Amino acid sequence: MSDAAFDFPHTPPAVARYLESKDVKPSFDWRDFSIEEHARSFTAAKTAGFDVARDLRDALVKAQREGLDFEDFRKGVEPTLRAKGWWGKKLVADPTSGDLVEARLGSAARLRTIYVANITSAYAAGAWERAQATKRALPYLEYVISTALHKREEHLAWVGTILLVDDPWWLTHYPPNGFFCQCRTRQISAFEAEARGYDPETAPRPQDFGEELWLNKRTGEFERTPGGIDPGWAGNAGATRQKDALDLLAGRLAAMGEDARRTASADLAGSWLMQRIVRREIVYDPASPDPAVRARGQIGAPLASLPAAVAEATGATAPVLSLTVADAERLRALNPDFSPDDIALVQRILDHGRPARTPAGVAMRATVDGKTWTLMLAAPDAAGATRIDYLGSE
């Protein structure tokens, strides 16, 4: 199989964010984490006990950002892995059983698997985010034939399948559907679907190959996977991240783990509209004679969810913290060092800081990534929502 099939020279922001926002969790076996946990956290098998998981994640992020192919990725990270002893075969302790087992650590083949699995999953998650953003104009997804030399028979049977973006079939069959799977989807309009003879009322459902039962030897439990999909791949990472973001907006913080909350807030901060707001891509002038230009100041997007203690301190009844174009301009005016990247830290400041009431509203201070941040929240408006008055670091 050619590595060129997995080279991606152009990296949309949503794709880079998918890996960049993941927390790092070393593991001993890929079966130690659920499909949902893999969508939220970066892990690589046999990294438990070795200080290399973050090196691998950072090297993948660099590969995405710079459009590096596999060979450039390997050459960049292999010296670090060798220096830290994560290479070749070694006797290592299984943290679950305590037994010493001979494990294959780093190798060109292992790195290729890590590179392909993570890069293809990141692009799939980014494509899902774009599909959700544009589904009004392009409401359908089509399962596209793989470019692999050796194609899986089940995957070939799904080629040409056309379904609505929000059809539940995509929650389990959205490609990639296995290790080194090169299947893709293509988003199409209702006009194109109709021109090709597609009728949502009469079109047959995709071929069902039943379920396969496999024993997860790490948990001792049997798990079910749709036929034709490799164990551990029957999910949709983009949909999992989207659901986490919606749960965050709904204020379900107590039910969400730290990893889910971290990635969900990063996805909100990195959304297409939020990035346009903080990067001044929406023309706004409060003194403009044109009322349409003045009104753009109220364009906003959700940014974070208020923990219960913060909502109580501010008096806010709406649990969602949004940022408008006017808010972003105010943050720049009060803090010349304000960076668009700063907003990605707001949820972490809210989660870890202690609210203190002030005459102007509520102040929060928290240390994030070695810096002490101050976040000022205004008193709630008539709708019960609060806003950011100031954000800066020392």
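Mentor: At 19% relative accessibility, Ser-189 counts as buried, because buried means under 20% relative accessible area, exposed over 50% and partly exposed in between, with a 1.4 Å probe and protein chains only. This is a predicted model: local features need pLDDT of at least 70, side-chain atom pairs count only at pLDDT 80 or more, and totals for chains, interfaces and linings use all residues. Residues are numbered from 1 along each chain as its sequence is written, and side-chain values use heavy atoms, leaving out hydrogens and water.

Trainee: Where does Ser-189 lie?

Mentor: Ser-189 sits in the loop between strand 7 (184–188) and helix 8 (190–195). Helices (H or I, at least four residues) and strands (E, at least two) are DSSP runs, numbered from the N terminus.

Trainee: Leaving aside neighbours within four places in sequence, which residues is Ser-189 in contact with?

Mentor: Contact means heavy atoms within 4.5 Å. On that basis Ser-189 is in contact with Ala-137, Leu-138, Pro-139 and Tyr-140.

Trainee: How many aromatic pairs does the structure hold?

Mentor: Rings of Phe, Tyr and Trp (its six-membered ring) pair if their centres lie within 6.5 Å; planes under 30 degrees apart count as stacked, over 60 as edge-to-face, the rest as tilted. The structure holds 12 such pairs. One of them, Tyr-140 with Tyr-198, is edge-to-face, at 5.2 Å centre to centre and 75° between the planes. Tyr-140 lies in strand 5 (residues 140–144) and Tyr-198 in the loop between helix 8 and strand 8 (211–216), so the pair ties together parts 58 residues apart in sequence. Both Tyr-140 and Tyr-198 are buried.
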